[in-house]
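Trainee: Please pick one part of this model and take me through it closely. I want the geometry and the sequence context together.

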Amino acid sequence: MYTLLRDLIKPLGVSGREAPVRAAIETMIAPFVDEVYTDALGNLIAHKRGGEGAKKLMFAAHMDEIGFFVTDVDDAGRVFFSPAGGIRFEAAAYSEVIFENGTRGLLVANDDAKTPAADNCYVDIGVSSRREAERRVKTGDTFAVVSSIRRIGAHTVAGRPIDDRVGCAVLIETAKRVKSSKYDLYYTFTVQEEVGCRGSKTAAYAIMPDIAVAVDITKTGDTPGADRMAVKLGGGAAIKVKDTSAICDPALVGEMAELCRKNGIKHQLEILTRGGTDASSMQSAGAGSRAGCISIPTRYAHTPLEMIDMRDVEACVALAVAVAAGE
Ligand code: CO
Ligand code: ZN
């Protein structure tokens, strides 16, 4: 799983610019499904056909990562931007960034900025004039803090963008392990989650699933100053009960917990008081679906050092496999 995750973290895929991530996933998942296609927004849908009259089960993990769009360049060649997704500037400031074309730069704050924020940060790409800067970047280009991953301790891994390439890894591994299912299965890799769950909405509308399960990271309640939350790193797969954008189908939550008990999968129940996932848009697309979410507990979400426990990732795969098989 570590190797798979490491390979998935490399491509840059700021919201709306997921093509490099999509290309990587398409190659990885194709051997395990019947067809793979891309829709108008750029969602990648890997379909494993079910038998006659089989119910549709749609999984969704988002390909996009939080990042930035270039707005303009000033006379000194400084690059300004508009954020895509929930950037934590206190963590993003003084990081190395990479643009789509490979240009590197430093995201820094004004010297007199007390707290780094969108309106007092800029990117220094090592040039001194507008002319030089415009040879390297232009309005509309995207960039993000450079990707990275490292092992910390025996089971934990930290880096970015673990949100939500780890969910993509879980789905690829699930597709690999599920040999047969009572469902018509759709492994969906969505676009633009970080800017408001936009891709999963159109994908769900087209698929019209009976059951929809997002696979995404969630926060944990085990760090100083964290919001009240029962989820801990190393506590197993988190089964979402509720977040800001969705109240999960209670029967589905119960079924997932039962599958964990039956299969000896370590799990915990999640209520996230700030944040949402693709579960919300899939739940309310078209005539609606029974929706839930398998969450990977993650410390320091939306920073360059998102931390997960690989045992939790394995538990999420085991749960996703059990759900997909429809045991
Ligand atoms: Co996120
Ligand atoms: Zn996410």
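Mentor: Start with the cobalt ion (ligand 1). Its protein donors are Asp-163 (OD), Glu-194 (OE), Glu-194 (OE) and His-302 (NE2), lying 1.8 to 2.7 Å from the ion. Donors here are N, O and S atoms within 2.8 Å of the metal (3.2 Å for Na, K and Ca); water is not among the atoms, so sites may look incomplete. This is a predicted model: local features need pLDDT of at least 70, side-chain atom pairs count only at pLDDT 80 or more, and totals for chains, interfaces and linings use all residues. Residues are numbered from 1 along each chain as its sequence is written, chains are lettered from A and ligands numbered from 1 in the order in which they are written, and side-chain values use heavy atoms, with hydrogens and water left out.

Now the angles. The four donor atoms subtend 54 to 145 degrees around the cobalt ion, which makes the arrangement irregular. Four donors count as tetrahedral if all angles lie between 85 and 135 degrees; four count as square planar and six as octahedral if opposite donors are over 155 degrees apart and all others between 65 and 115; anything else is irregular.

Next, the sequence. The cobalt donor residues follow the spacing D-x30-E-x107-H. Glu-194 sits in the loop between β12 (184–190) and α6 (198–207), and His-302 in the loop between β16 (290–297) and β17 (306–309); these two are 108 residues apart and link distant parts of the chain. Helices (H or I, at least four residues) and strands (E, at least two) are DSSP runs, numbered from the N terminus.

Turn to the zinc ion (ligand 2). His-62 (NE2), Asp-163 (OD), Asp-216 (OD) and Asp-216 (OD) coordinate the zinc ion at 2.0 to 2.7 Å. Its four donor atoms subtend angles of 51 to 150 degrees, so this arrangement is irregular. The donor spacing for zinc is H-x100-D-x52-D. His-62 belongs to strand β3 (residues 56–62) and Asp-216 to strand β13 (residues 211–218), so the pair ties together parts 154 residues apart in sequence.

What joins the two sites? Asp-163 coordinates both ions, and cobalt and zinc are 3.2 Å apart.

Check the backbone too. A cis peptide bond joins Asp-163 and Asp-164, with omega about 0 degrees. Asp-164 is in helix α5. Another cis peptide bond joins Arg-160 and Pro-161, with omega about -10 degrees. Pro-161 lies in the loop between β11 (156–160) and α5. Gln-192 is not a glycine, yet its phi is positive, about 55 degrees. Gln-192 lies in the loop between β12 and α6.
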